[in-house]
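Hi,

Here is the structure I said I would pass on.

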Amino acid sequence: MKAAFVINARQKAEYVSRAVHGALSQTYPCECVFSDQMSTDNSLQIIRDTVEDFGPHHHTVKIVQCPVDLPFSMEAANRHMDWLWRQTSPECEFIFQSSADDYSLPDRVQVCMEAVEANPCSA
């Protein structure tokens, strides 16, 4: 089963590097999609630098810029997420999301995927 790990960022320069590290540290191979939405605080460049500096990993990585240009709001965040999940490959059966100011432990995806394999569900 293929999994995607997406991170949405907007004005999160202070935190986004740690979130990207959490995604790239996953023990389960993922398609990692990192997205910035109109940040003016260097978030996008920090994402790029963090991916470049991380070193070898077993993930596919995409860095994208969300075209949704709305004032900072829940509507803008929701539209960003709606756009972002559509940037993942159709083969990805599961999408794991982390906001740019969150951090995921390295086995987050692995534990969930093992649980799904052991306990198939219809959801």
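Ser98 is buried, with a relative accessible area of 3%. You'll find Ser98 in strand β4. Bear in mind throughout that this is a predicted model. Leaving out neighbours within four places in sequence, the residues in contact with Ser98 are Phe5, Val6, Ile7, Asn8, Tyr103, Ser104 and Arg108.

Two of those contacts come up again. Tyr103 has a charge over its ring: Arg18 lies over the face, at 4.2 Å from the ring centre. As for ring-on-ring pairs, the count comes to 0 aromatic pairs. The other contact is Val6, whose bridge partner in β2 is Val33.

**The strands**

That bridge belongs to the pairing of β1 and β2, which run in the parallel sense over 7 bridges. So how enclosed is β2 by the rest of the structure? Largely, because 7 of the 7 residues of β2 are buried. If you colour by accessibility, check both faces of the strand: Cys30, Cys32, Phe34 and Asp36 are buried on one side, and Glu31, Val33 and Ser35 are buried on the other. Val33, the partner of Val6, is therefore part of a strand with 7 of its 7 residues buried.

**The helices**

Next up is α3, residues 74-85. Which residues of α3 are buried? Those are Ala76, His80, Trp83 and Leu84. They cover an arc of only 100° around the axis, so they sit on the same side of α3. Among the elements covering these buried residues are β1 (2-9), β2 (30-36) and β3 (60-65).

In α1, the buried residues are Val16, Ala19, Val20, Gly22, Ala23 and Leu24. Their cover includes β1, β2, α2, β3 and β4 (92-99).

**Loops worth a look**

Gln11 has phi near 55°, which is positive although the residue is not glycine. Gln11 is in the loop between β1 and α1 (16-24), and it is partly exposed, with a relative accessible area of 35%.

Met38 is another non-glycine residue with a positive phi, near 60°. Its loop is the one between β2 and α2 (43-54). Met38 is partly exposed too, at a relative accessible area of 36%.

Then there is Asp101, in the loop between β4 and α4 (108-118). Asp101 is partly exposed, with a relative accessible area of 38%. How far apart are Asp101 and Gln11 in sequence and in space? They are separated by 90 residues in sequence and by 9.8 Å in space, C-alpha to C-alpha. Not counting residues up to four places away in sequence, Asp101 touches Lys12 and Tyr15.

That's what I have for now.

Cheers

How values were computed. Residues numbered from 1 in each chain as written. Predicted model: local features only at pLDDT ≥ 70, side-chain atom pairs only at ≥ 80, totals over all residues. Heavy atoms only, no water. Phe/Tyr/Trp six-rings, centres within 6.5 Å; stacked < 30°, edge-to-face > 60°. Lys NZ or Arg CZ within 6 Å of the ring centre and 35° of its normal. Helix = DSSP H or I, 4+ residues; strand = E, 2+ residues; numbered from the N terminus. Expected span 1.5 Å × (residues − 1). Buried < 20%, exposed > 50% of the residue type's maximum accessible area, 1.4 Å probe, protein only. Arc of directions from axis to C-beta. Contact = heavy atoms within 4.5 Å. Pairing = 2+ DSSP bridges.
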